[in-house]
Amino acid sequence: MLRKFAVLFAVTVAIVVIGSVLERRTESAPNMSEKVLGAGTPGKISKWIAADTIGDSGIAEDVTGMVGIGTNPNPLAKLFVFGNFEQPTSAIRGTSTGTGRGVTGFSEGGIGINGGGKIGVNGVSTSTDPNDAGVRGIASAAGWAGEFLGNVNITGTLVKGAGSFRIDHPLDPEHKYLSHSFVESPDMMNIYNGMITTDSSGNATVILPNYFEALNRDFRYQLTVVGQFAQAIVLEKIRTNSFKIRTDKPSTEVSWQVTGVRKDKFAEEHRIQVESDKPGSIR
C-alpha cells in the first residue's frame with residue numbers, strides 16, 4: 001500500500017512540474033496571432049517604417065538584379081541613383097580616411113568611370129604636396145593617360161615632359177599624321193614676326209599689337225633681308241608699340257622677328273623656376 005502511494009505521489013509531482021514548464025513556455029512564446037503590419041510593392045526593398053510596421057524603402061530591384069535608388073532600376077546600370085541634389089549633396093560619394101581610394105571604377109574593356117552633365121568630372125586636391133593631383137590619369141605605354149575631344153582650358157601653369165601638335169598630314173590626310181614639336185624656352189617668351197618693305201629712303205615702321213608693351217619686356221630683334229644683298233638695322237627701338245628699321249638700299253624686303261618676355265600679372269606671380277630640386281619621394 002505504501003509503495004502504491006509513493007508511485008502515485010511521484011506521478012502527481014511530475015505532472016505538476018511538466019505543467020509548470022509548459023505554462024512558462026507558453027507565457028514566454030510570442031503570440032502567434034500577432035502580425036507585423038504594413039504593405040509592400042513588388043520589386044521594392046522593404047524597411048521598418050515604425051517599430052512594428054514594414055513598408056517600402058527607396059530601393060527597388062528587378063528580376064535581373066538591377067537596383068535603383070530613388071527610382072526604378074535602369075537596364076543600363078547595375079546600380080542607378082536618381083534624385084534632385086543640390087550643393088554640396090552628391091548622388092554617390094565615397095570617402096576614405098586612410099590611404100585607400102574613396103571611389104574606384106574599373107572595366108575590362110570599357111570605361112572605368114564615366115562622367116556627364118554640366119561638369120563631367122570634378123577633381124579637387126586639398127593636399128599641399130606638389131606631387132598630388134585633383135585628377136590623375138595613368139596609362140600603359142600604348143595608351144593615353146588623358147584624352148580630350150574638344151577645347152581644353154587650363155587656368156594655371158601647364159607642366160609637361162615634351163609637347164607637340166599632331167594633325168592630318170596635308171599631303172596625305174587619309175593615311176598619315178604630321179607632328180611638330182613645341183618651341184621651348186627658359187623664359188615665358190612671346191614671338192612676333194612679319195614681312196615689311198622699306199620705302200624709297202630705306203625706312204620702314206613695324207606696327208606691333210596695341211597690347212605689346214603692356215604684355216612684354218626685354219625685347220629682342222632679328223632682321224633678315226630678302227631678295228638682295230643689303231644691310232638692315234633697327235633704327236629706333238620699340239616705343240608706343242612700334243619700332244623703325246632702315247636698309248642701306250631703298251625698297252628692300254625685310255623679314256623681322258621680335259620676342260618679348262611676359263610681364264603680365266599672372267606671369268609675374270607664377271614665373272617658371274628653370275632649375276629645381278626633385279622632392280625626396282620621387283628621387
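Predicted model: local features only at pLDDT ≥ 70, side-chain atom pairs only at ≥ 80, totals over all residues.
Let's start with how the chain meets itself: among contacts in the protein with a separation of 6 or more, 44% are between residues 24 or more positions apart. The protein has 283 residues, and buried residues make up 13% of them. Its accessible surface comes to about 23100 Å², and carbon and sulfur atoms account for 55% of that area. In terms of secondary structure, you will find three helices and 13 strands.

To follow one of the pairings in detail, look at β9 and β12 (residues 242-247), which run antiparallel and are joined by five bridges. One handy landmark is asparagine 203, whose bridge partner in β12 is arginine 246.

Now let's turn to the charged side chains. Side chains of opposite charge can pair when their charged atoms come close. How many salt bridges does a search of the whole structure find? There are six, and three of them are worth a visit here.

Take glutamate 184 and lysine 160 to begin with: they form a salt bridge in which the closest N and O atoms are 2.8 Å apart. This pair links distant parts of the chain, 24 residues apart, with glutamate 184 in the loop between β7 (177-181) and β8 (189-197) and lysine 160 in the loop between β5 (79-81) and β6 (164-168). Are the two partners buried or exposed? Glutamate 184 counts as exposed because its relative accessibility is 53%, over the 50% cut-off. Lysine 160, at 34%, is partly exposed, because that value falls between the limits of 20% and 50%.

While you are in this region, have a look at alanine 162, which also lies in the loop between β5 and β6. With a relative accessibility of 63%, alanine 162 counts as exposed. Its C-alpha atom is separated by 9.1 Å from that of glutamate 184, a residue 22 positions away along the chain.

The next salt bridge joins aspartate 218 to arginine 217, and here the closest N and O atoms are 2.4 Å apart. Aspartate 218 is partly exposed, having a relative accessible area of 41%. Arginine 217 is partly exposed too, at 29%.

Arginine 262 has a relative accessible area of 24% and is partly exposed.

Threonine 53 is found in strand β3 (residues 53-61). Its relative accessible area is 17%, and it is therefore buried, since buried means under 20%. What does the side chain of threonine 53 make a polar contact with? The partner is the side chain of aspartate 52, at 3.1 Å.

Technical notes:
Residues numbered from 1 in each chain as written. Heavy atoms only, no water. Pairing = 2+ DSSP bridges. Helix = DSSP H or I, 4+ residues; strand = E, 2+ residues; numbered from the N terminus. Salt bridge = Lys/Arg side-chain N within 4 Å of Asp/Glu carboxyl O. Buried < 20%, exposed > 50% of the residue type's maximum accessible area, 1.4 Å probe, protein only. Polar contact = N/O pair within 3.5 Å; in protein donor to acceptor, adjacent residues only side chain to side chain. Contact = heavy atoms within 4.5 Å. Areas by Shrake-Rupley, 256 points an atom, 1.4 Å probe, with all protein chains shown as cover.
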